[in-house]
Amino acid sequence: MARDPLAVLTRLRQIETEQARRRLGQAVGRTEVALLAEGAASAALVAEAVAPGADYAAWLPRGLAQRDRAALARRRAEVGLAEAAAALGAARAAERAVELIAAARDRLARRQAARRVQALLDEAASRRRG
């Protein structure tokens, strides 16, 4: 028996939506890690500033560079998160479009079946009369 192309497309869209959800979850995780890393880098700057006997002037450039790298990683993670959210929205929209097409096809099939039944009933009624 041949597979219904619309059923195959429906399943494909469901798989794509699930993958997009998974990618969004991963992007959320990366963003959280990046936020924590940025917070740790900023906290290290404060901690080193108040540490007794620390050679803050020598450490400061490295600390600032580390904080800047962490901030850049956070911004990239946030961009990735926004892209993943947009991809999930697009996948959901595509899945919904296929669902709407399938529903329209089902409605059409029901109307056609009802017309066929009505035609058979009309034909049977005309035979009785005639």
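**Notebook: polar contacts, salt bridges and a charged patch**

I started with Thr17, whose side chain makes a polar contact with the side chain of Glu95 at 2.9 Å. For a polar contact I took a pair of N or O atoms within 3.5 Å; within protein, one must be able to donate a hydrogen and the other to accept it, and residues adjacent in sequence count only if both atoms are side-chain atoms. This is a predicted model, in which local features need pLDDT of at least 70 and side-chain atom pairs count only at pLDDT 80 or more, while totals for chains, interfaces and linings use all residues. Residues are numbered from 1 along each chain as its sequence is written, and side-chain values use heavy atoms, with hydrogens and water left out.

Next I looked up where Thr17 sits: in helix α1, residues 5-50. Helices here are DSSP runs (H or I, at least four residues), numbered from the N terminus. Is Thr17 buried or exposed? Thr17 is buried, at a relative accessible area of 1%. The cut-offs I used are under 20% relative accessible area for buried, over 50% for exposed, and partly exposed in between (1.4 Å probe, protein chains only).

Then I turned to salt bridges, meaning a side-chain nitrogen of Lys or Arg within 4 Å of a carboxyl oxygen of Asp or Glu. My count came to nine salt bridges.

One of them pairs Arg13 with Glu16, with the closest N and O atoms 2.7 Å apart. These two are three residues apart in helix α1, so about one helical turn separates them. Arg13 is partly exposed at 23%, and Glu16 is partly exposed at 28%.

I also noted Asp68 with Arg67, where the closest N and O atoms are 3.5 Å apart. Asp68 has a relative accessible area of 42% and Arg67 has 30%.

In helix α2, Glu99 and Arg96 are three residues apart, again about one helical turn. Their salt bridge has its closest N and O atoms 3.4 Å apart. Glu99 is partly exposed at 32%, and Arg96 is partly exposed at 45%. Salt bridges that share partners also join Glu18, Arg21 and Arg22 into one network.

Last, I asked which residues form a positive surface patch. They are Arg107, Arg110, Arg111 and Arg115. Patch residues have over 30% relative accessible area and no salt bridge, with like charges joined within 9 Å. I checked Arg111, which lies in helix α2, residues 56-129, and found a relative accessible area of 42%, so Arg111 is partly exposed.

Notes: Patches are made of residues with over 30% relative accessible area and no salt bridge: like charges are joined within 9 Å, nonpolar side chains (Val, Leu, Ile, Met, Phe, Trp, Tyr) within 5 Å. Accessible areas come from the Shrake-Rupley method with a 1.4 Å probe; for residues, only the protein chains shown count as cover. Lys and Arg count as positive and Asp and Glu as negative; His and the chain ends are not counted. The place of a charge is taken as NZ of Lys, CZ of Arg, CG of Asp or CD of Glu.
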